[in-house]
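I opened the model to look up its overall build first. After that I went through a few residues one by one.

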Amino acid sequence: MIMSYPDNKRINVAAIQMVSGPELSENLKVAAHWIAQAAFSKSKIISLPEYFCFLGNTDAQKQVLSEPFGDGPIQHFLSTQAALHGIYLVGGTLALRSTETSRFFNSTLVYGPNGECIARYDKIHLFSFQRGAEQYDEAQTIQAGPLAPTVVDIEGFKVGLGICYDLRFPELFRAMGPIDLLVLPAAFTYTTGQAHWELLLRARAVENQCYVLAPAQGGTHQNGRRTWGHTQLIDPWGVVINDLDTGEGVVSGIIEKKRLDEVRSDLPALVHRRFV
């Protein structure tokens, strides 16, 4: 049971797990259902997983659904959902067009309760993996974002943004400075997720002494791809507060300043840093 403290700032958060397919309208319908469920449970910060809106046969198919920043049906959906429920919505990821190349950005957009976009992060680290017949190379279709950490203030909480493969690069999150919450939408493969997902999430929570909210894709998709799932909320001591192994659903919980302060006071590792 979480005790209530008069001077303790706290906020309800939720991460949505999906098994997205190739039909945009169906994915948006499913996302809207789970956003409503999370909002009904009083969650104020809600995040969708990577590729919540589309997971088809090839990365090139995302190009067809790519949108210019500031306009398009997917961005309209996210804005409308945030305003409808009065929440801060971290919009998983969607494909945003690049004005420089034929590739697109894999981007996370954050919308406030008034429906306005308050933050954008373009995925920096592009996933590549090959083992037997299983292979991925995001750089073939995706343009890496600028080398700039993205932090947004949400009701007094410093929220850092990352996407999936970024999880393997701790220097990105160190560069954010002390953050209170890391939100990391993902679509980890079953192979890499089984080996490293929880290990890396808990490490990022411990070394940054912050909460981690990690919404994931979790299941076997229509295109045959299998994602690991295990959407999680982790506290700054590395304790898994909540976890959903596979299938659609919501992981929720409360993040609070008091817990952050306790961990950082008991073990002042952030103060002891020598390399910055």
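**Burial and conventions.** I began with burial: 52% of the 276 residues in the chain are buried. Buried means under 20% relative accessible area, exposed over 50%, and partly exposed in between, with a 1.4 Å probe and protein chains only. I note that this is a predicted model, where local features need pLDDT of at least 70, side-chain atom pairs count only at pLDDT 80 or more, and totals for chains, interfaces and linings use all residues. Residues are numbered from 1 along each chain as its sequence is written, and side-chain values use heavy atoms, with hydrogens and water left out.

**Overall build.** I looked up the secondary structure and found 6 helices and 17 strands. Both are DSSP runs numbered from the N terminus: helices are H or I with at least four residues, strands are E with at least two. The C-alpha trace spans about 50 × 40 × 35 Å along its principal axes.

I then turned to contacts, meaning heavy atoms within 4.5 Å. Of those between residues at least 6 apart in sequence, 66% join residues at least 24 apart.

**Surface and charge.** The chain exposes about 12300 Å², and carbon and sulfur atoms supply 53% of that area. Accessible areas come from the Shrake-Rupley method with a 1.4 Å probe; for residues, only the protein chains shown count as cover. I found 24 positive and 28 negative side chains, and the centres of the two sets lie 4 Å apart. Lys and Arg count as positive, Asp and Glu as negative; His and the chain ends are not counted. Each charge is placed at NZ of Lys, CZ of Arg, CG of Asp or CD of Glu.

**Cysteines.** How many disulfides does the whole structure hold? My search gave 0. The criterion is a pair of cysteine sulfur atoms within 2.5 Å. For C53, the nearest cysteine sulfur is that of C164, 14 Å away. C53 counts as buried, at 5% relative accessibility. For C117, the nearest cysteine sulfur belongs to C53, also at 14 Å. C117 is partly exposed, with a relative accessible area of 31%.

**Positive phi.** Most residues other than glycine have a negative phi. I logged two with positive values. C164 has phi near 45°. C164 sits in the loop between β10 (157–161) and α4 (170–174), and is buried at 8% relative accessible area. K42 has phi near 80°. K42 lies in the loop between α1 (24–40) and β2 (45–47). Is K42 buried or exposed? K42 is exposed, at 64%.

**I142.** I found I142 in the loop between β8 (134–137) and β9 (151–154). I142 is buried, with a relative accessible area of 0%. Leaving aside neighbours within four places in sequence, I142 contacts Y51, R103, F104, F105, N106 and L126. I142 and S107 are 35 residues apart in sequence and 10 Å apart in space, C-alpha to C-alpha.

**G193.** My last entry is G193, in helix α5 (residues 190–208). G193 is buried at 3% relative accessible area. Not counting residues up to four places away in sequence, G193 touches F188 and W228.
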